[in-house]
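Why does a residue, a ring pair or a void get the label it gets?

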Amino acid sequence: MSASVRTSVLISGASIAGPALAHWLGRYGFDVTVVELAPALRDGGQNVDFRGRTHLTVLERMGVLEELRALDTGGSPITFVDQEGRRLLHLPADFAGGELEIPRGELAQVLHRHSASRAEYVFGDSVETLEETPTGVRVSFRSGATREFGLVIGADGLHSAVRRLAFGPEQRYVRHLGYYAATWQLPGEGGRPGEGGVALNVPGRLMSVGADPRDPGRAGAFSLFASPELRYDRHDIRQQKELVRAAFADLGWRVPQLLRSLADAPELYFDSISRADVPAWSTGRIALLGDAACGATIGGMGTGTAVVAAYVLAGELALARGDHRAAFARYEGLLRDYAQGCQKGGDRTGPFLAPRTRAGLRLRNGLLNRRWVLDRMLELGKRVSSVELPDYEALLADRVSAAG
């Protein structure tokens, strides 16, 4: 087995987890390739946040924390209203946006920029087959290319192709949680600068809009609705737009305007609120990272967990000196309980944002209009998102020093 194959790693997915892992593996001297189905980095998506000392410590160790602070939106307050526009509930910026909130697309660009000099990025392609060999994993790609890598990491999200190929069908691991969510961009007149997001709530449905705090010419829409599992083509944007229109067609307020903007939106994020639960995060030379292993579509602190998990996986691989089995076992042992604790928040996202009954809406609004309840929830969120982590660079430096 050649040295290049022994240290080569294929990462499937270039959203957040994949570039974060590429950054660390490249820093430790691995030969890294990242493959992404999309033709380029994805620019859209909701704002994402980081909470608590663990998230911020990992970003600081990566060397990106100050750069991300410069991109901080300041948080996204949201006001819930009825169909006449009357205020029902206001959630302040610190509750909705954590300690650091960044547009998802801008976070992806920063992580890509910090990893691109140490990793090969291949866009517009995807993993088609995986075959373990005595020396590595032989991978065939949709483009027709075939290559062998020492390790393969699935960082390709809730609908992971690597998980499907190496662990089995998606339905074994992904559970629908009863809601669907959609986001899209629209011209700035859809929102009002300075007010944050404004959301219409009726039982089982939410439609919101918020102006970009740094660009009044842009706004973002977010919708969520309760539904049994739907059958649709995940790559058919027209079909997905029709599902959103059908779910909200009877509502007033700003909803008709937002649905008209949906027709012209070039991009749409649409997916079920679901969670992934994989009994073991690795098999042989193949491992899962981020949402592919332990994901929740919204509300499970998935972005922060992915960045933390990338740090741990890369550090354990560096410490293992080629023993990927030991590295994968330590990675999962350190993080499984932590990731599952964070993931539980995703189970509550749909019922929290769009309770299914009027009584549920009144109860949520009554509780969250009390500041002490918000403070308690913020404190619990910070506690859940914190875990003690090794300082891998210090450990590796100690090893070099001892060897010298």
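What follows is a set of questions and answers on a predicted model.

Q: What makes the aromatic pair of Tyr 121 and Phe 123 stacked?
A: The structure holds 11 aromatic pairs. In the pair of Tyr 121 and Phe 123, the centres are 6.0 Å apart and the planes make an angle of 15°. Pairing needs centres within 6.5 Å, and stacking needs planes under 30 degrees apart. Both values pass, so Tyr 121 and Phe 123 count as a stacked pair.

Q: Why is Tyr 121 called buried?
A: Its relative accessibility is 17%. Buried means under 20%, so Tyr 121 qualifies.

Q: Why is Phe 123 called partly exposed?
A: Phe 123 has a relative accessibility of 27%. That value lies between the 20% and 50% limits, so the label is partly exposed.

Q: Which residues form one aromatic cluster?
A: The members are Tyr 180, Phe 225, Tyr 232, Phe 248 and Phe 270.

Q: How do you know that the charged end of Arg 356 sits over the ring of Tyr 179?
A: The charged end of Arg 356 is 4.9 Å from the centre of the Tyr 179 ring. The distance limit is 6 Å, and CZ must also be within 35 degrees of the ring normal. The contact is listed as sitting over the ring, so it meets the angle condition too.

Q: What is the distance for Arg 364 and the ring of Phe 80?
A: The charged end of Arg 364 sits over that ring, 4.4 Å from its centre. This value is also within 6 Å.

Q: Are Cys 294 and Cys 342 buried or exposed?
A: Cys 294 has a relative accessible area of 10%. For Cys 342 the value is 1%. Each is under 20%, so both count as buried.

Q: What lines the largest cavity?
A: The structure holds 1 cavity of 30 Å³ or more. The volume of the largest cavity is about 130 Å³. Its lining has 17 residues, and Gly 290, Asp 291, Cys 294, Thr 305 and Ala 339 lie nearest the centre. Helices α10 (291-294), α11 (302-320) and α12 (324-353) each give at least two residues to that lining. By class, there are 10 nonpolar, 6 polar and 1 charged residues.

Q: What is the phi of Trp 253, and where does this residue lie?
A: Trp 253 is not a glycine, yet has a positive phi of about 60°. It lies in the loop between α8 (237-248) and α9 (255-264). Its relative accessible area is 21%, so Trp 253 is partly exposed, not buried.

Q: Why is Arg 321 called exposed?
A: Its relative accessibility is 63%, over the 50% limit, so exposed applies. Arg 321 lies in the loop between α11 and α12. It has a positive phi of about 55° although it is not a glycine.

Q: Why is Leu 21 called buried?
A: Leu 21 has 0% relative accessibility, which is under 20%, so buried applies. Its place is in helix α2 (residues 17-27).

Terms used:
Residues are numbered from 1 along each chain as its sequence is written. This is a predicted model: local features need pLDDT of at least 70, side-chain atom pairs count only at pLDDT 80 or more; totals for chains, interfaces and linings use all residues. Side-chain values use heavy atoms; hydrogens and water are left out. Rings of Phe, Tyr and Trp (its six-membered ring) pair if their centres lie within 6.5 Å; planes under 30 degrees apart count as stacked, over 60 as edge-to-face and the rest as tilted. Buried means under 20% relative accessible area, exposed over 50%, partly exposed in between (1.4 Å probe, protein chains only). On a 1 Å grid over the protein atoms alone, a cavity is a set of points where a 1.4 Å probe fits but cannot get out, and a pocket is an open set with protein on both sides within 12 Å along at least five of seven lines; lining residues have an atom within 4 Å of a point. Grid points are joined across faces, edges and corners, and a volume is the space filled by probe spheres set on the points. Helices (H or I, at least four residues) and strands (E, at least two) are DSSP runs, numbered from the N terminus. Ala, Val, Leu, Ile, Met, Phe, Trp, Tyr, Cys and Pro count as nonpolar, Asp, Glu, Lys and Arg as charged, and the others, Gly among them, as polar.
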